[in-house]
Amino acid sequence: MQVSSLNEVKIYSLSAGRSLPEWLSDRKKRALQKKDVDIRRRIELIQDFEMPTVSTKIKVSRDGQYIMAVGTYKPRVRCFDTYQLSQKFERCLDSEVVTFEILSDDYSKVVFLQCGRFVEFHSQHGHYYKTRIPKFGRDFCYHYPSCDLYFVGASSEVYRLNLEQGRFLNSLQTEASESNVCDINPVHFLFAMGTAEGKVECWDPRTRNRVGLLDCALSSVTADTEIEGLPSISALKFDGALNMAVGTSTGQVLLYDLRSSNPFIVKDHHYGLPIKSIQFQHQLDLIISADSRIIKMWNKDTGKIFTSMEPEHDINDVCLYPNSGMLMTANEAPKMNIYYIPVLGPAPKWCSFLDNLTEELEENPESTVYDDYKFVTRKDLENLGLAHLIGSSLLRAYMHGFFMDIRLYHKAKMMANPFAYEEYRRERIRQKIEETRAQRVQLKKLPKVNKELALKLIEEEGEEQQFSKKRKQKNLPSLLKDDRFKVMFENPDFQVDEQSEEFRLLNPLVSKISEKRKRKLKILEELEAQGQEEEEEPEGKASDAESSESSDDEKGWVEEVRKQRKLLRQEEKLKRQERLKEDQQTLLKPQFFEIKEGEEFRSFKDSAKKQKLMKKTLEDRLKLEEKLGTLNVSDTTVGSKQATFKLKKSEQQKKQQEAEKRHRQERKTLRRSASHLKSRRGRGRLFH
């Protein structure tokens with residue numbers, strides 16, 4: 001039995017462990033149980049609770065005695081008797097079962113919807129009748145008051161088969177192109193069907209008219225969800241008279257009150273996989289929703305997650321045993337899983353021993369599922385040289401890392417670091433020595449970084465303790481013991497730079513105080529080097545001398561600030577002189593400039609002239625332009641002034657104008673010569 005825990009909710013997997021093959025004889029099975037401890041310790045709640053290859057659907061009869069499951073291959077149905085804890089019967093079918101429904105309280109009346117459009121009826125003795133529907137079916141439900149079966153599938157029609165009359169009735173014509181799921185409310189028998197367009201249509205079976213339409217595709221799109229295509233309805237379930245849960249193909253579960261067209265809770269699985277099953281747990285007001293990867297349990301009022309389960313294989317269907325904490329799943333694997341969650345409810349009557357077993361396990365806690373696995377990040381895998389295993393079955397992705405077998409982790413660590421044991425041994429020896437040293441009288445140990453600051457804080461603490469004793473006040477917490485300021489005395493990046501300008505100006509008396517602390521530091525280092533057990537106080541001056549020194553310091557505070565400023569100015573002068581020397585030593589390299597096409601280089605004087613002009617006032621520049629003829633200022637009749645400018649032409653523009661003039665002259669000469677030739681030819685003709 002495997003035990004896992006999430007949100008302090010224990011989940012017992014009763015089907016964990018290896019399963020024995022069917023073809024083994026009883027003698028070999030007993031021999032294996034004697035040899036293998038895992039096989040001996042496993043719990044086989046129901047004997048042979050499995051399918052040959054895959055199980056697709058699983059359901060419990062209304063009396064709770066029989067569990068029926070369908071699967072492949074070959075297509076078959078198996079019925080298990082819970083009172084006998086074994087298989088009741090097995091029947092093979094012609095084609096795979098899409099879904100089935102138990103009509104009676106026990107296994108005596110069962111209807112199967114098969115892949116080939118067949119509807120097969122089974123009674124207690126076996127196969128009873130077989131019929132066919134016009135289009136491929138995907139789901140059906142049974143309306144008890146009228147004995148009608150409602151079939152939905154790859155058609156816009158809902159087919160009705162009356163079991164009392166034994167004939168098909170008029171179908172319901174819907175607006176949907178295809179329908180995926182359907183359900184009937186157990187209280188007022190409202191029929192609801194989920195369409196491929198993401199809508200839910202509600203019909204009244206008494207009048208055979210549509211009474212409501214919900215657009216769930218639009219409501220499922222929220223600010224947090226990322227949807228690539230149009231969500232279709234993949235699961236549908238009623239709860240009581242007014243509540244309805246709808247699952248979409250994009251992984252959202254919408255909870256509706258039938259009196260409102262908007263959902264009051266939208267829960268996203270965040271996997272983007274279709275919701276396969278929705279169940280209601282009334283004792284704790286939970287909703288159990290499942291896609292092919294995960295089963296989530298969450299509160300139907302708040303949407304807060306209660307717990308979740310991730311089986312090894314993909315999930316096809318989930319069945320909650322009524323009024324208990326047992327959960328069964330049909331998987332893409334031969335074995336059908338059984339989970340027991342004591343928080344949801346007690347164990348069923350036919351396996352009441354589970355309660356005693358789980359109580360004993362809680363009293364004597366053993367290793368859980370995650371104790372056999374090690375959580376590693378991508379960086380840890382690269383350090384171990386196992387990055388190539390990402391994507392394989394040896395690693396299971398979880399959050400920002402992976403789970404791997406603890407045995408594989410230890411082997412890889414031994415290969416990557418063969419001297420790990422020696423390092424561990426040295427560390428343990430060091431810890432033992434430190435434990436013995438802790439019993440001795442210890443000296444004041446100062447940190448490696450900011451020793452003077454630490455000494456200052458220790459002195460201030462001593463003064464505060466004496467002051468608090470006199471006034472009977474509580475001592476404030478120390479900065480040295482506070483974890484928030486721990487890095488300041490460990491990381492060298494936080495070392496206080498006493499030579500900086502800010503520090504020297506803000507702390508003018510730091511030189512004298514630092515000298516005292518340096519003396520104390522030297523004495524403490526000497527004591528640590530000698531290994532003395534008793535702490536000796538450094539020889540200093542008397543208290544009267546110290547008080548007189550403090551008063552002198554207060555008087556000479558201004559003088560100390562002036563001295564510091566003078567020192568800073570001298571340092572700045574020295575730095576400037578060093579820069580000048582460096583500038584003189586450096587050789588200036590010639591710089592080359594490119595001239596644009598169409599421009600001629602004259603001299604550097606033009607740029608100097610332009611700079612001089614720019615420095616002059618606007619009035620002076622206007623006078624210069626009037627002299628050059630580029631500006632003309634004249635008075636108007638109204639009394640205002642009119643100014644006209646002539647833009648200076650660049651050398652390139654002048655060349656273009658000259659070329660245009662030449663071109664015009666050439667064209668004129670050509671025209672004259674052509675007219676002259678025409679006039680001569682005309683004269684020659686007249687002469688002839």
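Three strands form an open, antiparallel sheet in the order 30-32-31; strands are DSSP runs of E of at least two residues and helices runs of H or I of at least four, both numbered from the N terminus, and two strands pair if DSSP finds at least two bridges between them. This is a predicted model, in which local features need pLDDT of at least 70 and side-chain atom pairs count only at pLDDT 80 or more, while totals for chains, interfaces and linings use all residues. Residues are numbered from 1 along each chain as its sequence is written, and side-chain values use heavy atoms, with hydrogens and water left out.

- Four bridges link strand 31 to strand 32 (residues 401–405) in the antiparallel sense, and alanine 397 stands opposite phenylalanine 402 in strand 32.
- Helix 6 (residues 406–416) lies across strand 30 and strand 32, at about 95° to strand 32.

**Sheet 23-24-25-26**
- Four strands make up an open antiparallel sheet in the order 23-24-25-26.
- Its edges are strand 23 (277–281) and strand 26 (305–309); each has a single partner strand, so one side of each is left without a neighbour in the sheet.
- The twist from one strand to the next averages 15°.
- Strand 25 (residues 295–299) pairs with strand 26 over four bridges, in the antiparallel sense; tryptophan 298 has isoleucine 305 in strand 26 as its bridge partner.

**Serine 289**
- Serine 289 belongs to strand 24 (residues 286–290).
- Serine 289 counts as buried at 0% relative accessibility (buried means under 20% relative accessible area, exposed over 50%, partly exposed in between; 1.4 Å probe, protein chains only).
- Its side chain makes polar contacts with the side chains of histidine 269, at 2.8 Å, and tryptophan 298, at 3.1 Å; a polar contact is a pair of N or O atoms within 3.5 Å, and within protein one must be able to donate a hydrogen and the other to accept it, with residues adjacent in sequence counting only if both atoms are side-chain atoms.

**Phenylalanine 118**
- Phenylalanine 118 lies in strand 9 (residues 118–122) and is partly exposed, with a relative accessible area of 25%.
- Leaving aside neighbours within four places in sequence, phenylalanine 118 is in contact (heavy atoms within 4.5 Å) with Phe112, Leu113, Lys130, Thr131 and Arg132.

Terms used
Axes are lines fitted to C-alpha atoms, for helices over the stretch in contact, and angles run from 0 to 180 degrees between N-to-C directions.
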